[in-house]
Amino acid sequence: VKILLRRDKIFQFVLGTKTSRYKEMRFIEELSLLSKGGLDLMESLQVLKEEGYPCEELLKEIRSGTGLSESFRKDSFSPGLVRYLIMAEETGNYTEAFTSFVSLQKLYFRDYLKRKTALIEPMAIAIMGMLVFFVAYLVMIPMLDAYEGL
């Protein structure tokens, strides 16, 4: 359990403000997989609710007759996802819209993580250089003191 809690904190540290966007992508990816598997939208959301995803309000809105895009908008999902759902309502192909959204978000996060690691690499090299200098300094000082004592 502690490892899972740490994993969530690691996601928060690495992704920062993008964590909610990442969680949204994971939710839609699971929804997409369930709908590809043959479940209808309501059954898929019910399964995700049982798995611990926070979609109670979304289920209530859809059951009350609100459209899918409006339900997602009221449940404070991203505007990009809402636009995909508006397109899906017009075409009638929700599974394709979910898949396209997830693909686009995965590309975004790959690029985002590449940029973040590109910033971390120079810092890691500098820290390693300072560490090597410090170890060399600790080894050389006693040798120089011994040499001066001769």
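Helices here are DSSP runs of H or I with at least four residues, numbered from the N terminus, and strands are runs of E with at least two. The model is predicted, so I noted its limits: local features need pLDDT of at least 70, side-chain atom pairs count only at pLDDT 80 or more, and totals for chains, interfaces and linings use all residues. Residues are numbered from 1 along each chain as its sequence is written, and side-chain values use heavy atoms, with hydrogens and water left out.

**Phe-11**

Phe-11 counts as partly exposed because its relative accessibility is 27%; buried means under 20% relative accessible area, exposed over 50%, and partly exposed in between, with a 1.4 Å probe and protein chains only. Not counting residues up to four places away in sequence, Phe-11 touches Gly-16, Thr-19 and Tyr-22 (contact means heavy atoms within 4.5 Å). I also checked Lys-23, which is 12 residues from Phe-11 in sequence and 9.9 Å away in space, C-alpha to C-alpha.

**Largest pocket**

I read off a volume of about 620 Å³ for the largest pocket. A pocket is an open set of points on a 1 Å grid over the protein atoms alone, where a 1.4 Å probe fits, with protein on both sides within 12 Å along at least five of seven lines; lining residues have an atom within 4 Å of a point. The volume is the space filled by probe spheres set on the points.

The lining has 21 residues, and Tyr-22, Lys-23, Glu-24, Arg-26 and Tyr-53 lie nearest the centre. H1 and H2 each supply at least two lining residues, and H2 gives the largest share, eight residues. By class I noted eight nonpolar, five polar and eight charged residues in the lining.

I then took Ser-32, which lies in helix H2, residues 19-36. Ser-32 counts as buried because its relative accessibility is 4%. Leaving aside neighbours within four places in sequence, Ser-32 is in contact with Thr-95, Phe-98 and Thr-99.

For the helix pair, I found that the axes of H2 and helix H7 (residues 94-149) come within 9 Å and cross at roughly 145°. Axes are lines fitted to C-alpha atoms, for helices over the stretch in contact, and angles run from 0 to 180 degrees between N-to-C directions. The residues of this contact divide into nine nonpolar, five polar and five charged. Among those that meet are Tyr-22, Ile-28 and Ser-32 in H2, and Phe-98, Val-102 and Phe-109 in H7.

Conventions
Ala, Val, Leu, Ile, Met, Phe, Trp, Tyr, Cys and Pro count as nonpolar, Asp, Glu, Lys and Arg as charged, and the others, Gly among them, as polar.
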